[in-house]
Amino acid sequence: MTADHPRPPSRRRFVLGRNQLKGLFWQVLVVGIATAVIAFLWSNTVTNLSARRITTGFAFLGREAGMPIADSLLAYNPGDTYLWAFVVGVANTLRVAVIGIVLATILGTLIGISRLSANWLLSRLAAVYVETLRDIPLLLQLLFWYVLMQALPAARAAWRPVEGIFLSNRGLILPAIPFGPPQLTVLGTAVLGCAVFFLFRRWLVAQQMRDGKPRPAWPSALGLIVVVPAAVSLVLGVSWTVEWPQLRGFNFVGGLTLAPEYFALLIALVTYTSAFIAEIVRSGIQSVPRGQWDAANALGLRRSFMLRQIILPQALRVIVPPMTSQYLNLTKNSSLAVAIGYQDVVSIANTTLNQTGQAIEAIALIMAVFLTISLSISFFMNWYNARIALVER
Amino acid sequence: MTAITDIPDAPRAARRPQLGNPVLHWLRKNLFSSIPNGIISVLLLVLLAKGIFSFVQWGIANAVWLTPTNDSSACRAARGLGACWAIVPEKYRFILFGTYPFDEQWRPALSVVLFIALYYLSTRRALWRRELVYLWIGALALISVLMWGGVLGLSFVSQDRWGGLPVTLILATFGLAVGFPLGILIALGRRSKLPAIRSLSVLYVELIRGVPLVSLLFMASVMFPLFMPAGFNIDKLLRAQIAIILFAGAYLAEVIRGGLQAVPRGQYEAADALGLSYWRKHRLIILPQAIRHVIPPLVNTFIAFFKDTSLVLIIGIFDLLTTAKTAIIDPAWQQFSVEVYIFAAAIYFVFCFAMSRYSRSLEAPATPK
């Protein structure tokens, strides 16, 4: 609309040129149309809402929700408020998204590397996996897994692939260590140790840069991340006994239960997303020029060192940006949970909407939650991407 | 993890003389090149053999292929041992065409054929001309006539009765046909030098891409009636279609924007030097090049959309997945959902696989072997 290049300065500086006028005209037109459409929709909405006697606003969040939530990470009972139900829903979404992202990354990387394997059978099988899962809708896969879960034997006849792990129509039951404040303290010490070690290692590298003497980092890592937390654990006398699930009557007692809905959703999201991640990893590794492999080989580097220090840093530059969008996709796809009755934030918002009629507020909350999650993931991945980016002259 | 073939030592391998039996040579090279590789191969072969064996046993040997109409007793007898493929001939008319009047089902069937012909013609490079646009408009009009009827002696069928594969194809195709021009406008808007237009486009794209399609569909099914003047209401299918178009527009805009960025600056400058107006510059010079650059990612976006149309299940529209899910509500056949899902998955797979093959064939010339 305007010229693509600045025009030579004209003497009539305070008079808009033809192109500026045209630009102004278009902007006023488009903004005018957008405003008119929004105003039209808004006035209709206000009229409709008053006709239905629905008051707008978020006051309903303080009311009693009265909806049951079967499977939740946080304590919840139907007498709690809508606000708390939403928080529980967000926790459920994050629970499936975070674990899904970690598992999908691991599985996808393994399959992506398998596709490049010298083993013909392995690379073919990986290709079939990727091709099949990518070309079938996720929702269909999700329903399929859910049906399979429901077709599993009842709790009394549960499958035991490994001792202590039960797979039945009640879901997957795993042995677990009960977690309370003492265990969390020890874990917190370990996390703190990681952070201190990270800073310490930076200092070590800086020292090495100065005088060229290598300084091994592993003793401090061992001390900070393993020995100190272990000592804390001993001093506090924290118990780490594993709780083994046991069948009592018709259900299991103890251990960690992954409900069939959660388990089906997790499997569907992880397998589906891993097919895309596998392709990203493959193309990332293939994008490293052959000369880099040859050069690393010529230097006589060990294979693991070569992969870690030469190939991976270069491949990651290609891998990270598309990986970010896969993580975002997985998070957004977790909203399909509503189809099988896992109560994530979308499902709870939908129930709220049906119970209260507060459609606009419920959908605004969904959008706010997902925009926040999306922006956080993008922010983190952009930070990581900037960190690993090639430092160019 | 053992070895990565990315160090292609093809030239060296080619020079190595082939000794002995070519089959043994192939096996040694591809399956048993080293000890860990050999272990992996043996493990995989055992697993594969087990998998194939149990699938053949369940899916072929013990399967029930045909039963008398509406009698699932043979299937129930074989339950747990073999698949019940008999549910497919029993229910395929419903899965494919939903509740469309039974005697008129040749019309949706013909529509599906027309859709496939339209896709096929669109893949021919020789036909990438302006006439293709007219062909699309003509074919979509013809399909509308076939589906709705009410003219030319065809009885009228309201869209509440449409279902199955034609609905999936309609949602995907109309979503793209309308979303594509919308995407072009938004992409141009995002690259515009006018701040108001640019920020509106950015806002649109980021808002739509930031939220899941499910929430847009909820919005279309629940909030749309609130947005409209009292008494004005449009059909559920059309509302879902609008949501899909808006969704497609945002994603296609980002792909097209990538193409616009790939057009060299000299092309813009040359078009300006010729004195072309903004619209003529883009229509004649920039867009044809930009779109050619992004055809493979466009096809990938199409595949994603085709799969995403299945989400309309959540708001209760009878697309292919919903009819499949509904077909097994029938108490006699309730237990055989796996077979029905495999049938539906096969249909989706054929469409998506064909598109992904096509996308790869487009990319192939760009990457010399």
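Leaving aside neighbours within four places in sequence, which residues is Leu217(B) in contact with? They are Ala240(B), Ala243(B), Leu311(B), Val312(B), Ile314(B) and Ile315(B), where contact means C-beta atoms, placed from the backbone, within 7 Å.

A quick word on what you're looking at. This is a predicted model, in which local features need pLDDT of at least 70 and side-chain atom pairs count only at pLDDT 80 or more, while totals for chains, interfaces and linings use all residues. Residues are numbered from 1 along each chain as its sequence is written, and chains are lettered from A and ligands numbered from 1 in the order in which they are written.

Leu217(B) also turns up in the largest nonpolar core, a set of 146 residues, as one of those that touch the most other members; Leu139(A), Leu142(A), Leu265(A) and Ile366(A) are on that list too. H7(A) gives the most to this core, with 16 residues. (Such a core joins buried Ala, Val, Leu, Ile, Met, Phe, Trp, Tyr and Cys residues through C-beta atoms within 7 Å; buried means 20 or more other C-beta atoms within 10 Å of a residue's own.)

Now the interface: 56 residues from chain A meet 55 residues from chain B. On the chain A side, H1(A) supplies the largest share, 13 residues. Helices here are DSSP runs (H or I, at least four residues), numbered from the N terminus.

| Class, chain A side | Count |
|---|---|
| nonpolar | 38 residues |
| polar | 13 residues |

Over in chain B, helix H13 (residues 278-293) bends by about 50° at Ile286(B), with Pro288(B) following within four residues. That bend is the angle between axes fitted to the seven residues ending there and the seven starting there. Ile286(B) is buried, as are Tyr278(B) and Ala290(B), and the buried residues of H13(B) pack against helices H11 (236-262) and H12 (265-273) of chain B.

How far to trust it? Chain B averages a pLDDT (the predictor's confidence in each residue, from 0 to 100) of 81. Helix H8 (residues 165-190) of chain B has the highest mean, 90, and helix H1 (residues 10-15) of chain B the lowest, 49. Over residues 7-11 of chain B, pLDDT stays under 50. Where pLDDT is low, predicted coordinates should not be read in detail. For the complex, the predictor gives an ipTM of 0.85 and a pTM of 0.83.

Notes: Helices (H or I, at least four residues) and strands (E, at least two) are DSSP runs, numbered from the N terminus. A residue is buried if 20 or more other C-beta atoms lie within 10 Å of its own, exposed if 12 or fewer, and partly exposed in between; C-beta atoms are placed from the backbone. Two residues are in contact if their C-beta atoms, placed from the backbone, lie within 7 Å. Ala, Val, Leu, Ile, Met, Phe, Trp, Tyr, Cys and Pro count as nonpolar, Asp, Glu, Lys and Arg as charged, and the others, Gly among them, as polar.
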